[in-house]
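Q: Please take a close look at one part of this protein. I would like a single connected account, with the cut-offs spelled out.

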Amino acid sequence: MRIFSVSHKTAFVVDHCPYMAESSRQLIECDMLTKSRSQGVIPLAPVSKSLWTCAIECSMEYCRILYDVYPTKKLVNYIVSDSEVHILNSWKQENQNTQELMTALAAVGPPNPRQDPECCSVLHGLVAAVESLCKITEYQHESRTTLMDTADRVANRGRIICLTNAKSDTHVRMLEDCVLETIQEQNKRAAGSDRLMPIQQCELVLVHIYPQGEETLVSDRQKKELSSVLSSEVHSVRAGRYLAGKLNVLVQQHFDLASTTITNIPMKVRLTEEQHANTSANYDVELLHHRDAHIEFIKSGDLHMAGSTSRDSGLKETVTLKWCTPRTNSVELHYCTGAYRISPVDVNSRPSSCLTNFLLNGRSVLLEQPRKSGSKVISHMLSSHGGEIFLHVLNSTRSTLEDPPSISEGCGGRVTDYRITDFGEFMRENRLTPFPESMVDAACRTPVERAKFQLERHTRYWPMIISQTTIFNMQAVVPLANLIVKDTLTDEDVLTCQKTVYNLVDMERKSDPLPISTAGSRGKGPKRDEQYRIMWNELETLVKAHVGTSERHQRVLDCISACRSKPPEEEERKKRGRKREDKEDKTEKNGKDTEEKGWTTDSERLKGVMEREKDEQSECEIIKDSPDSPEPLNKKPRLATEEQQPPEKSKGPVSLLTLWTNRITQANSRKHQEFAGRLSSVNSKAELYQHLKEENGMDVHENGKATR
């Protein structure tokens with residue numbers, strides 16, 4: 001990137017020919033004592049300035065504003081042209097002040113109206129301005145000697161502002177052609193010299209000044225590129241306050257300035273016959289500064305709300321800020337994000353003078369944004385440092401000097417489950433280290449380009465919150481997640497990724513639980529099949545984000561797609577499993593309703609239990625017949641027992657505890673050999689010591705009582 005913009009050099013060329021001595025026809029009243037004039041005193045006649053005086057005053061205001069805002073590195077070379085060239089200063093920093101220019105202008109004097117116009121021309125000054133732009137400034141020389149081998153980065157650009165009274169549009173085109181030819185000639189000379197630099201870009205601003213009350217013979221023209229080196233624009237302006245407003249606008253455009261108007265400044269007024277003591281009024285003062293002082297307005301979008309038309313000129317915009325009382329003391333510290341030098345637009349007015357003296361005495365003023373409703377927002381502060389006045393931009397948002405905010409107060413709201421540990425690991429994997437810029441890889445990429453490409457690959461899919469991801473919370477997926485982001489994969493890497501996928505398939509077959517977040521959801525959360533479906537979809541999204549990297553990445557995606565397609569037996573088993581879960585949920589729900597309302601019967605419960613047992617038996621058959629399923633565990637065979645009597649039905653509603661106890665009792669009865677006494681019992685009552693009764697010749701009746 002080349003340094004030194006067009007605003008680094010500005011050459012002012014002011015026409016000093018006899019026609020510039022013509023009156024501007026803007027009358028100035030000199031007799032201000034109209035009420036206290038005594039009898040017999042003749043009033044003073046109004047006077048008017050010449051075109052030369054208007055041009056000098058407006059150009060000096062241009063330079064004053066420039067020197068106030070940019071004390072260094074913005075240079076002006078002032079040239080006066082008549083029959084010869086008068087160069088009033090040089091590019092040296094010590095010559096950049098208005099006092100020296102005013103002294104040199106006083107030595108030149110006003111134009112002589114009796115001088116032969118044929119001997120005078122503004123062309124002499126334009127040629128001298130081009131020659132001056134080819135000269136090297138102190139800052140350019142320092143940069144060229146510092147950069148050494150990269151001295152070609154130091155650009156030579158400049159701007160020429162010509163104040164003249166042109167005759168016609170043809171005259172203007174002749175001046176432009178003269179400047180273009182001179183630039184071409186001087187560039188040839190500078191190419192063979194060490195003390196000169198060729199002009200790479202030049203802006204020509206022609207300002208045609210004509211008296212008030214006359215029709216202009218020169219038309220305005222926007223900026224136009226005449227060649228690759230020269231661009232030109234034409235402004236036709238009436239002399240007087242119109243010329244002052246035009247140059248005020250130009251200095252803002254040329255040096256990136258902006259306008260701020262301070263309103264409601266309390267100020268005591270001079271006492272008159274109609275006024276009383278201690279009378280005060282509110283005044284406005286317009287200031288110019290760098291446009292970065294309004295950067296907060298631009299970011300927040302409030303610039304259009306604060307903008308208004310300037311009082312001095314309807315061509316430019318100003319931001320209005322309100323004087324805030326009480327005033328602040330300079331010892332108070334405020335968090336400022338920027339400080340910019342200011343320059344009053346009307347430096348000689350009483351409000352501007354009072355404000356300037358007030359600030360130079362060590363006082364500071366807070367400025368607030370005018371609002372129709374709500375609390376006031378103090379956005380700026382005026383204060384002086386070292387005899388110079390600065391506009392400080394105050395931070396109206398949370399200060400970075402305070403304690404750092406909690407991570408839960410981020411842009412996502414009250415979020416607390418950020419992947420902080422994973423993000424720390426992500427930063428460690430993508431650390432930058434110094435590296436020779438000349439080192440390039442096989443694809444001719446520099447280290448910076450490779451680093452950006454790696455960062456882009458690692459962030460193609462990277463959820464920030466724990467509850468928004470499943471695979472990054474699973475230790476089983478870590479090998480695949482670390483390998484899939486690589487630029488190239490080896491056959492071993494592909495095999496590792498495939499093993500990871502097969503492990504996930506085995507986990508799904510075993511119905512292992514997954515780390516699914518249930519935050520913000522009611523109930524148990526998604527079912528097991530739904531959890532695995534979410535996991536497979538996220539895994540496929542991750543791999544698809546890198547599938548275009550290489551052919552081996554595609555093989556990993558093909559493996560995932562093949563494993564997700566289930567055989568019919570597997571789908572039937574999952575379908576029956578989902579049906580069983582639904583029935584269990586329904587059974588639990590019915591049990592709760594029974595306990596609360598008491599209308600569910602025991603027969604309906606037993607029917608549901610029998611249906612679940614049938615489903616379990618059919619599921620076991622399917623698992624046994626499926627080739628992809630593991631062999632079922634060997635279980636002890638159930639012993640054949642006589643069918644027990646069903647539990648006695650109770651009248652009325654049955655509690656959930658009774659149903660559960662009956663089911664457990666029935667299931668446990670099949671798993672052990674029944675007691676012989678209970679098998680031969682009558683109505684669950686067993687006769688004791690039967691062998692003794694048989695020896696004594698007693699018979700046992702069915703009712704359990706012995707008879708002889």
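A: Arg64 is buried, at 11% relative accessible area. Buried here means under 20% relative accessible area, exposed means over 50%, and partly exposed lies in between (1.4 Å probe, protein chains only). The model is predicted: local features need pLDDT of at least 70, side-chain atom pairs count only at pLDDT 80 or more, and totals for chains, interfaces and linings use all residues. Residues are numbered from 1 along each chain as its sequence is written, and side-chain values use heavy atoms, with hydrogens and water left out.

Glu61 forms a salt bridge with Arg64, with the closest N and O atoms 2.9 Å apart. A salt bridge is a side-chain nitrogen of Lys or Arg within 4 Å of a carboxyl oxygen of Asp or Glu. Glu61 and Arg64 are separated by about one helical turn, because they sit three residues apart in helix H1. Arg64 also meets Asp68 in a salt bridge, at 3.1 Å from N to O. These two are four residues apart in H1, so about one helical turn separates them as well. Glu61 is partly exposed, at 29% relative accessibility. Asp68 is partly exposed, with a relative accessible area of 29%. Side chains of opposite charge can pair when their charged atoms come close. By this rule the protein has 18 salt bridges.

Now the nonpolar side of the picture. The largest nonpolar core has 39 residues, and those with the most contacts inside it include Phe12, Leu163, Val207 and Ile209. Such a core is a set of buried Ala, Val, Leu, Ile, Met, Phe, Trp, Tyr and Cys residues joined through side-chain atoms within 4.5 Å. Helix H1 (51-69), strand E1 (9-15), strand E6 (157-164) and strand E7 (201-210) are among the elements that each supply at least two residues. H1 gives the most to this core, with 13 residues. Helices (H or I, at least four residues) and strands (E, at least two) are DSSP runs, numbered from the N terminus.

Leu163 touches Ala55 and Ser59, and its other partners include Phe12, Val207 and Ile209, not counting residues up to four places away in sequence. Contact means heavy atoms within 4.5 Å. Another core, of 34 residues, lies apart from the largest one, and Leu126 and Leu175 are among its members.

For scale, the protein has 20 helices and 20 strands. Of its 708 residues, 37% count as buried.
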